[in-house]
Amino acid sequence: MSSNKTEEIDLIVNHPKQAINKLAVPIIISNLFMMLNNIIDGIWVAGLGPHPLAAVGFVTPLFLALVGFANGLGAGSNSLIARCIGAEDYEAAGNSAIHSIMLSIIVTVITTILLLIFLKPLLLLMGAGEVISETMAYGTIVIGGIFSVFLPAMMAAIFRSQGEIRRASYPLMFTAIINMILDPIFIYVIGWGVTGAALATVISGVIPMLLMMYWMFVKKDSFLQVKMSEYKRDFQIYKDILVVGIPASLEQFIISFVSILMNYWLTILSGTIAVAAYTATWRLVAIGISPMIGIGVAALTVGGAAYGARNLVNLKTALNYGLKLGMISSIIVCSFLFIFADPLSFIFSYSSDSSVLAPKVVEALRILCFFLLFMPFGVLSGNIFQSMGKGTFSLLITILRSFILEVIFAGIFAFILGLGAVGVYWGLVCGMTLGSIIGYIFINYYLNRNKSYFNG
């Protein structure tokens with residue numbers, strides 16, 4: 001192992017604030033590129049009219065659920081490897097990395113086959129009947145190419161767990177850049193419409209994936225060596241990954257299910273146009289979420305090493321320093337989205353076909369921007385639970401926040417109080433706020449009750 005790699009491991013184990021800063025920034029930048037890519041993707045599709053944008057909106061929750069599933073498995077791998085590194089068991093860390101790749105391949109094959117079989121009835125169940133042809137054209141290609149999401153997510157988790165943050169983050173940035181280039185060419189120049197958007201999404205993921213495979217399996221200059229020839233099946237390692245990975249994946253499925261449910265409710269309340277406006281708005285709100293993702297993933301890595309080393313001070317530093325950075329970013333982004341809602345809405349309503357979206361996007365954006373304010377409390381709480389291998393507790397926080405509180409508040413405001421689409425938006429904000437605060441109280445209670453582990 002090189003001295004550079006030793007410094008990266010030392011940073012994660014012994015200098016939590018510096019490690020979070022170093023880890024979070026590249027992740028945030030790459031995530032911002034990905035979110036910008038989603039916005040630009042939406043801009044190009046919006047030029048085709050509200051129906052194609054709505055079609056993409058129906059597939060997006062499914063796609064994000066799969067991305068979340070992949071990232072959830074990656075979180076399990078990241079947590080396990082970081083804990084092994086914190087405990088200075090580097091052989092176990094390397095073996096865990098090999099099992100992580102194998103698990104990713106198995107899950108990718110099974111998931112792709114099942115979803116392609118049930119895609120059309122699932123989309124119809126979600127309310128996409130009015131735009132089912134465009135929705136299937138987009139969804140079949142995106143789901144068929146989901147391997148370009150699963151494998152990079154797992155390889156990124158392995159790189160990230162050992163401090164190789166550039167190799168974990170830059171390929172995601174390349175994915176966004178490639179997609180930005182291919183989108184207008186495939187959608188308009190060649191004239192493939194939403195099918196072109198789907199093809200651009202898949203191809204832009206494959207190229208960076210090949211780069212990551214070269215670093216991991218050909219160049220082999222990482223701190224941890226991933227040699228598939230040395231694979232020796234150990235079901236306990238799979239279990240340790242899945243103990244965090246499955247709850248983390250379920251969290252993303254819950255979030256996507258709530259999004260699907262909101263799409264359905266909006267269809268009932270205001271029609272397809274409301275779904276298109278909500279889809280466009282959420283792409284903008286996602287910009288504010290992306291810094292939290294980066295900070296949370298960095299805290300997960302640092303927290304995992306601290307837990308493996310039984311260092312409560314560093315674990316609490318990962319939680320509270322991450323929260324501080326998250327609150328700063330959320331306040332800045334929320335203010336920006338609220339102030340500039342009018343000009344931002346134009347990027348989804350620039351054509352005559354989509355001009356009807358502008359006032360609806362402004363209305364949604366000036367409410368949903370507040371969704372970001374207290375999110376750091378919930379996100380950091382969940383990531384710290386994941387870092388300790390307590391994925392179930394993180395899942396419980398998400399169930400309470402998204403599946404229970406957000407849905408209950410949205411239903412009450414929209415239907416019982418008769419506020420319609422506006423009620424849906426305010427319900428999401430209230431549910432996120434209350435659930436996140438409860439999550440933060442819970443993680444602090446848990447750490448204080450389990451001090452004996454760290455003192456043992």
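View 1. Cys84 counts as buried, at 13% relative accessibility; buried here means under 20% relative accessible area, exposed over 50%, and partly exposed in between (1.4 Å probe, protein chains only). This is a predicted model, where local features need pLDDT of at least 70, side-chain atom pairs count only at pLDDT 80 or more, and totals for chains, interfaces and linings use all residues. Residues are numbered from 1 along each chain as its sequence is written, and side-chain values use heavy atoms, with hydrogens and water left out.

**View 2. Cys430 and its nearest cysteine.** Cys430 is in no disulfide, and the nearest cysteine sulfur, that of Cys369, sits 13 Å away. Cys430 is partly exposed, with 29% relative accessibility.

**View 3. The largest nonpolar core.** A nonpolar core is a set of buried Ala, Val, Leu, Ile, Met, Phe, Trp, Tyr and Cys residues joined through side-chain atoms within 4.5 Å. The largest one has 135 residues, and Met262, Met388 and Tyr425 touch the most other members. Helix H10 (residues 272-308) supplies the largest share of this core, 18 residues. Helices (H or I, at least four residues) are DSSP runs, numbered from the N terminus.

**View 4. Around Tyr425.** Skipping neighbours within four places in sequence, Tyr425 is in contact with Leu266, Tyr278, Ala364, Ile367 and Leu368. Contact means heavy atoms within 4.5 Å.

**View 5. Ala274 in helix H10.** Ala274 belongs to helix H10 and is buried, at 4% relative accessible area. Val361 is 87 residues from Ala274 in sequence, yet their C-alpha atoms are 8.8 Å apart in space.

Methods
Helix = DSSP H or I, 4+ residues; strand = E, 2+ residues; numbered from the N terminus. Disulfide = S-S within 2.5 Å.
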